[in-house]
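Trainee: Could you walk me through reading a model like this one? I would like the general idea each time, and then the case at hand.

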Amino acid sequence: MPFKHDQLYGFMDYSGNVIIAANYEQLCFFNEGLALAMQQGKYGYIDQANRTIIPFIYDSGTDFDQGRAVVSINEVYGMIDRKGELIFPLQFKDLGTLSEGLAYGLKDSLYAYYDKNYQEKIPPRFSEAYSFMSGIAKVQEGEY
């Protein structure tokens, strides 16, 4: 479980023994074996042995889900795999996480939907898009 010491975060076991020293400005729970962490204002991912698996180069990141995480640099979003390889290039103005196998993405002025391998499944045509739930997603075509 996470703990805070002198404004930094680490992990301890349920007996209070420190497992990962408090060296991180922010630290999320482990998901799919990796935890999103922040050092010197940048995000990266560590494993349970406190090894840096994905370098601290991102301005934001999400937890891993289905082997993928959304990351950003300078407000441009992309998606990486558990090795830190870009699956979706850093070229999106907005990018959702995978939900029911699809992620919405805004490159120019319209949203499209992509599968986990960056294959476009629904072409760009929406002015707003949201994640799929129970087989449907809220979208908007045109202006309000």
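Mentor: Let us begin with a strand pair: strand 14 and strand 15 (residues 120-126) pair in the antiparallel sense over 3 bridges. Strands here are DSSP runs (E, at least two residues), numbered from the N terminus, and two strands pair if DSSP finds at least two bridges between them. This is a predicted model, where local features need pLDDT of at least 70 and side-chain atom pairs count only at pLDDT 80 or more, while totals for chains, interfaces and linings use all residues. Residues are numbered from 1 along each chain as its sequence is written, and side-chain values use heavy atoms, with hydrogens and water left out.

Trainee: Which residue is the bridge partner of Y114 in strand 15?

Mentor: The partner of Y114 is E120. Strands 14 and 15 form a hairpin with 5 residues between them, and Y118 in the turn has a positive phi of about 70°.

Trainee: What does strand 13 pair with on the way to strand 14 and from strand 12?

Mentor: Strand 13 runs antiparallel to strand 14 (residues 111-114), with 4 bridges joining them, and L106 stands opposite Y111. These two strands also form a hairpin, with 4 residues between them. From strand 12 (residues 94-95), 2 bridges reach strand 13, again antiparallel; here D94 has L106 as its bridge partner.

Trainee: How should I read the two faces of a strand?

Mentor: In a regular strand the side chains alternate between the two faces of the sheet. In strand 13 (residues 103-106), A103 and G105 lie on one side and Y104 and L106 on the other, and all are buried. Buried means under 20% relative accessible area, exposed over 50%, and partly exposed in between, with a 1.4 Å probe and protein chains only.

Trainee: Is I20 buried or exposed?

Mentor: I20 is buried, because its relative accessible area is 2%. I20 lies in strand 3 (residues 18-24). Leaving aside neighbours within four places in sequence, its contacts (heavy atoms within 4.5 Å) include F3, F11, F30, I46 and N50. I20 and N50 are 30 residues apart in sequence, yet 6.3 Å apart in space, C-alpha to C-alpha.

Trainee: Which side chain makes a polar contact with that of S72?

Mentor: That is the side chain of S60, at 2.5 Å. A polar contact is a pair of N or O atoms within 3.5 Å; within protein, one must be able to donate a hydrogen and the other to accept it, and residues adjacent in sequence count only if both atoms are side-chain atoms. S72 is found in strand 9 and is buried, with a relative accessible area of 3%. Beyond its neighbours within four places in sequence, S72 is also in contact with Y58, D59, Y77 and L90, among others.

Trainee: And I80, buried or exposed?

Mentor: I80, in strand 10 (residues 76-81), is buried, with a relative accessible area of 0%. Leaving aside neighbours within four places in sequence, its contacts include Y45, I54, F64, V71 and L86.

Trainee: How is empty space found?

Mentor: Rolling a probe the size of a water molecule over the atoms shows where empty space is left. A cavity is a set of points, on a 1 Å grid over the protein atoms alone, where a 1.4 Å probe fits but cannot get out; lining residues have an atom within 4 Å of a point. This structure holds 1 cavity of 30 Å³ or more. Strand 9 (residues 68-73) gives the most to the lining of the largest cavity, with 3 residues.

Note on methods: On a 1 Å grid over the protein atoms alone, a cavity is a set of points where a 1.4 Å probe fits but cannot get out, and a pocket is an open set with protein on both sides within 12 Å along at least five of seven lines; lining residues have an atom within 4 Å of a point. Grid points are joined across faces, edges and corners, and a volume is the space filled by probe spheres set on the points.
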